[in-house]
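Here's a quick briefing to keep beside the viewer while you click around.

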Amino acid sequence: MLSVSALSASYGAIRALSGVALEVTERGMVAVLGANGAGKSTLMRSIAGLHRPVDGRILLDGRDIASMPLHRVVRAGLALVPEGRMVVAPLTVEENLRLSRYAGRGQEADLLARVYDLFPRLKERRRQVSGLMSGGEQQMLAIGRALMTAPRVLLLDEPSMGLAPAIVDQVFAAIVTLHRQGQSILLVEQNAEIALSVCEHAYVMKRGEIVAAGPAAQLHADAALLEAYLS
Amino acid sequence: MRICWRMAAALLIGGAAMPAAHADGLAAGDYRIGFVTENTGPIAFAGLSYYHGAQLAAEEITASGRLGAGVKLTLADKESGSDPARAIQDMHQFIADRSILATSCCILSAVAGSLKPIVLGAGMPLVIFGATAPGLPKPPVVYSMTILPGPKDVATAQHAVEVMHPKTAAYFVSADNDAFKARMAAGQHAVEAAGVKTVGVVSVLSSDTDFTAPATQAIGYAPDMILVYTTQTPAEGIIAALRARGYAKTIVGNDVLSPATVFKKMGATVADVPFPISFSAALAATPEAKAFVAAYTKKFDAPPDIYSAQGYQVVQFIAQGLHVLSGKPTRESLGAALAQIKSVEPNVYGGEPMVDGQAETKDTVIVAWTKDGAIAPWPSGK
Amino acid sequence: MDWLSDTWAAYQSTLGFAAVNAVLALSTYAVLSAGVLSFASVSYAAFGGFLGAQVMLHAGIGPLLALPAAILAGGVLSFLVALIFLRLEGHWMALASLALVLITRVVVLNAPALTGGVNGLSIPVELPIGVLILLLLLLMLIFQRLAVSWYGIAARAVREDPAVAASLGMSPRRVQMIAFLISGAVGGAGGVLLAVMLQFLSPDTYFVNIAFTMIASVVLGGSYHWAGAVAGAAVFTALPVIAQAVVPAMQDVANGVALLLIMIFLPRGLIDPRAWRRRRAARRRNA
Amino acid sequence: MELFAEQVLNGCALGALYALFAIGFGLVFATLGILNAAHGTYASWAAIAALAATERLGLPFPLAVLAGVVAGGLLALFVDQVAFQPLRARGAGMLAALITSIAFWIILDSLAGFATGQQSLSFPQGSYPARMYHLGTMPLPAMQLLTIAAMLVATFGIHLLVRRSRFGAAMRAVGWNGAAAALGGVNPRMVVLATAFLAGATSGLAGVLAGISTQNVSFSLGEGLLLKGFAAVVVGGYDDVRGAAIAGVALGIAEVITAQYLSTSLRDGITYALLLGFLLVRPRGLFGRAGFVRA
């Protein structure tokens with residue numbers, strides 16, 4: 001469903017990704033692991049249209065989205081929950097969520113109900129200005145906003161970053177629920193433990209390249225490999 | 001009246017001194033006047049008129065062959081946008097250009113104030129066409145063709161008081177314009193001397209555009225007469241606002257109301273507001289003035305106004321200085337020749353004596369726009 | 001030889017105004033290089049200019065002797081401005097400084113004892129262009145020394161990231177206070193030099209136009225190196241002269257279009273140290 | 001007392017012009033992050049366009065106003081695309097945009113001078129409502145009432161649009177961070193275009209009304225509005241339409257009352273001192289809340 005091939009990206013003169021290929025299947029849940037600076041976030045930003053790749057193909061349902069601007073990628077059915085969350089701070093929770101109507105996908109009332117169902121906390125705070133909320137609440141809002149665009153594939157970039165352990169559990173519980181409901185997910189996570197415990201398949205990155213791939217359980221078992229690449 | 005006598009005397013002497021000086025005539029060639037234009041910027045509406053008048057005069061003089069066979073008088077123009085810094089650079093370029101014999105400039109006193117020391121230092125004759133700050137002329141270098149309005153304002157105010165017998169008067173003044181402050185002071189002094197009480201003075205600023213509130217303030221003083229001493233755009237706005245708010249008594253204006261564009265813009269609103277005038281296309285009486293009006297109207301498709309008349313006289317004045325010179329004149333010889341001129345000839349005013357480098361006009365006519373856009377003596381029927 | 005002396009005579013004042021504009025632009029650059037966009041240089045220039053003019057008129061001394069008074073006046077004013085403005089953040093400070101420019105004109109109009117009020121102030125004093133250029137060169141030398149000094153490095157750090165600078169033990173407030181003082185002193189000097197160039201000061205001399213001249217010079221020239229302010233002032237002063245020579249009828253339009261094109265194609269200005277570094281790096285890679 | 005009431009009304013009408021202009025100016029500053037020095041020229045050109053529509057095309061008053069408003073909007077759109085879009089695409093900051101806006105200020109001012117023949121023009125008598133109504137003996141000019149009404153309608157309309165509509169949320173989102181807005185599917189480019197048009201149109205309306213009621217259609221029209229509109233935006237808070245409107249009207253009243261009862265030479269001084277005072281004491285303006293800086 002989402003198929004990335006030969007993807008390269010750079011920042012100025014610095015090459016950040018070279019020839020990355022990966023695959024997310026229908027209803028699949030795939031993790032990308034790697035140490036700090038391995039290029040995971042660049043990968044996510046490049047797929048989502050937040051960073052323009054130098055080269056490569058990104059096919060979503062057979063359609064190449066590699067050269068589309070960010071909002072068109074969203075409208076095509078690929079939603080990113082970025083690192084740092086990027087909620088629109090001056091807007092209320094509900095305004096943030098309803099903004100996604102511009103993506104023009106799905107029924108707004110149904111989607112809103114689904115998000116509030118998943119994160120009751122957001123419903124309680126729906127008139128709250130989002131910039132004043134806690135990090136965990138903002139993370140929920142960022143995921144909610146992505147879900148409001150009824151994405152074919154949901155991209156999650158480091159959803160656990162900067163959150164208290166209890167909140168991390170809540171967020172990952174929601175992610176698992178989404179997966180069970182049939183949502184295709186591509187997850188980037190530094191915390192390999194937690195990522196491998198929820199995903200089916202995983203890729204491992206180092207210095208902008210994919211260096212290992214396989215079923216999550218298999219990678220989980222290969223402690224030596226993880227140690228080599230993730231430290 | 002005393003002033004008029006002195007002017008008449010000066011005229012006579014000037015006229016008598018004139019013809020004697022003419023010698024062998026100028027060598028054929030191109031004689032250039034550096035003209036610092038103000039065709040853009042805040043007062044471009046007047047700047048264009050000055051420039052057009054000067055252009056016409058240069059063409060006429062060249063065509064007439066008055067300065068000798070093959071003598072061409074041309075304007076070299078550089079724009080300043082009324083910015084002193086740009087005007088200074090323009091002037092330095094003129095001074096460096098050896099083909100330029102004399103220069104002309106300035107509506108704003110700030111620009112004139114910046115250029116004056118430069119031309120004094122370089123000995124470059126400069127004829128000012130619009131700036132009114134006192135003490136600008138300094139023969140044999142700096143001359144002014146600006147018609148100083150002070151005495152005319154006094155005459156107009158006195159005349160209006162004689163005709164209308166007001167008991168009280170209020171004044172509008174451009175508070176950030178030194179010339180208009182002085183003019184109002186002179187007018188107010190004359191009106192008070194005639195026994196009319198001042199009930200209020202309303203200050204406006206040159207860049208103001210909204211005059212409803214100042215008009216309300218003036219009407220609040222309930223004056224029998226309102227005298228307006230401001231630049232053109234505020235004067236238009238003030239009169240329009242006063243009339244719109246129902247002020248039906250006498251409003252006395254000043255010479256800024258004379259250009260045809262004022263009536264074109266304001267229509268009957270400006271009718272019956274007296275103002276002094278030293279030149280008007282409608283009242284042109286002498287052959288020189290009539291010829292000027294006809295030629296100007298033909299060339300620019302609009303009648304000349306007070307500004308074009310002054311621009312025209314700038315070039316006539318310089319030509320008059322050149323006329324008495326022979327061979328290849330220098331800036332110094334031209335300056336010295338200009339200093340000898342007692343009366344500008346020809347002129348569109350019916351007489352234009354030069355006193356210490358400052359042009360004056362013989363007479364003040366007090367006029368007003370009629371409802372159908374003519375300029376007629378005020379009050380009508382007199 | 002005539003041609004040379006004529007050209008010099010014709011354009012010496014353009015050169016003079018370029019030098020004065022460069023001094024004023026350096027005043028704006030001084031704060032911008034510490035991360036503060038401020039138009040207050042106009043006010044320092046006004047204070048220094050009018051005070052310097054009065055000193056020259058009353059004490060009968062030349063511009064070079066009046067210069068210290070103007071520098072001091074600008075410095076004192078900038079100190080007061082910094083005390084008040086440094087509490088504001090980001091673009092609020094820019095807006096406040098713009099308000100200060102507007103107030104400056106009102107003050108000038110209402111303080112005739114110092115400024116001549118609406119009548120303006122005539123200053124029959126001259127300064128040879130050569131001396132003016134020497135003064136500018138001296139100032140450039142000072143800015144070059146500053147740029148490589150502890151202060152220059154601190155200012156750059158504060159501009160890039162105040163938090164990081166603070167963590168390195170540089171107090172952003174203190175660095176910016178120094179920047180304001182430099183800006184004030186240079187602005188005061190620029191004000192009196194402008195007064196000498198114009199020989200006549202009116203309430204409109206130090207107003208919005210000159211504020212935009214300063215900021216446009218800095219940005220046009222490049223706001224990441226002091227030389228940008230000088231280059232920008234030169235270009236910004238020369239543009240109208242060139243436009244006048246090339247398209248006299250539409251010179252203002254041509255002037256604006258030129259400014260627009262430069263900014264669109266060189267948004268970081270004519271002098272861009274980052275581009276130099278990149279070019280140097282590329283050369284090294286190729287070598 | 002009646003004089004006072006009359007002057008307050010005059011101040012309201014004058015302030016309504018400042019307010020209308022300020023709303024447009026503030027929209028650009030809040031949403032696009034640009035201190036736009038060319039904004040005043042939109043007002044001048046809108047007035048020129050409306051005058052041309054009246055004189056050349058013979059359009060009736062409402063259509064002439066509409067023509068001016070649309071012209072202001074289109075001009076703003078054009079300037080945005082030529083002067084600001086290339087810089088946005090390169091990620092150049094607010095400073096470069098300030099300079100390109102100054103460039104357009106120079107260009108459009110100069111062209112406006114040519115368009116009006118360097119004259120100050122006015123709308124012909126009878127081409128706009130000039131009736132004088134009366135409340136008791138107090139005169140109520142039709143244009144003043146119309147100006148105040150237009151300001152009220154524009155303020156409430158735009159306030160509702162910005163605060164209550166989805167498009168308004170998109171505007172605020174783009175103003176805060178274009179990429180964050182795009183993550184929700186918003187097309188930032190379209191929002192920018194629409195905002196530029198709306199801002200130009202609102203300030204254009206101010207220009208048309210000012211051109212009529214002050215009988216001054218010229219390139220200098222916009223400059224006065226620019227300085228006062230700027231003051232109103234800062235006092236009122238640039239991210240709140242109501243604040244800009246109230247501040248604009250208050251400035252108008254303060255100006256008129258100062259001139260009437262104190263002195264004209266202090267008038268502008270008081271306006272700008274108020275401006276500076278507000279910046280220091282309450283930098284976020286009348287309605288500003290503990291806000292978020294653009295990210």
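A:Ser160 sits in the loop that links strand S7 (153-157) to helix H7 (165-180) of chain A. Keep in mind that this is a predicted model. In that model, the relative accessibility of A:Ser160 comes out at 13%, and the cut-off for buried is under 20%, so A:Ser160 counts as buried.

**Around A:Ser160**
- The side chain of A:Ser160 makes a polar contact with the side chain of A:Glu189, at 2.7 Å.
- Leaving aside residues up to four places away in sequence, A:Ser160 touches A:Val168, A:Phe172, A:Glu189 and A:Asn191.

**Helix H1 of chain A**
- Helix H1 of chain A covers residues 40-48, and eight of its nine residues are buried, so call it mostly covered.
- The buried set in H1(A) is A:Lys40, A:Ser41, A:Thr42, A:Leu43, A:Met44, A:Ser46, A:Ile47 and A:Ala48.

**The hairpin in chain A**
- Strands S1 (residues 2-11) and S2 (residues 14-24) of chain A run antiparallel, and seven bridges join them.
- If you want a pair to click on, look at A:Leu7, which stands opposite A:Val20 in S2(A).
- Two residues lie between the strands of this hairpin, and A:Gly12 has a positive phi near 60°.

**Strand S6 of chain B and its partners**
- Strand S6 of chain B (residues 168-174) is largely enclosed by the rest of the structure, because seven of its seven residues are buried.
- Going by direction, B:Thr168, B:Ala170, B:Phe172 and B:Ser174 point one way from S6(B), while B:Ala169, B:Tyr171 and B:Val173 point the other way; all are buried.
- S6(B) pairs in the parallel sense with strand S7 (residues 197-204) of chain B, over seven bridges. In this pairing, B:Ser174 has B:Val204 of S7(B) as its bridge partner.
- S6(B) also pairs in the parallel sense with strand S8 (residues 225-229) of chain B, this time over five bridges.
- What do S6(B), helix H6 (residues 178-193) of chain B and S7(B) make when taken together? They form a right-handed β-α-β unit.

**Where chain D meets chain C**
- Chain D puts 40 residues into the contact and chain C puts in 36 residues.
- Between them the two chains bury about 3,500 Å², and 84% of that is on carbon and sulfur atoms.
- On the chain D side, D:Leu95, D:Ile99 and D:Leu280 lose the most area to chain C, together 16% of what that side buries.
- How many salt bridges are counted between chain D and chain C? The count is zero.
- Polar contacts do turn up: three residue pairs across the interface of chain D and chain C qualify, with both residues at pLDDT 80 or more.
- The elements of chain D that give two or more residues to the side touching chain C are helices H3 (61-90), H4 (94-115), H9 (221-236) and H11 (264-281).
- H4(D) gives the most to that side, with 15 residues.

Methods:
Residues numbered from 1 in each chain as written. Chains lettered and ligands numbered in written order. Predicted model: local features only at pLDDT ≥ 70, side-chain atom pairs only at ≥ 80, totals over all residues. Heavy atoms only, no water. Pairing = 2+ DSSP bridges. Helix = DSSP H or I, 4+ residues; strand = E, 2+ residues; numbered from the N terminus. Buried < 20%, exposed > 50% of the residue type's maximum accessible area, 1.4 Å probe, protein only. Right-handed = clockwise from strand over helix to strand, strands pointing away. Contact = heavy atoms within 4.5 Å. Buried area = accessible area lost by both parts, 1.4 Å probe. Salt bridge = Lys/Arg side-chain N within 4 Å of Asp/Glu carboxyl O. Polar contact = N/O pair within 3.5 Å; in protein donor to acceptor, adjacent residues only side chain to side chain.
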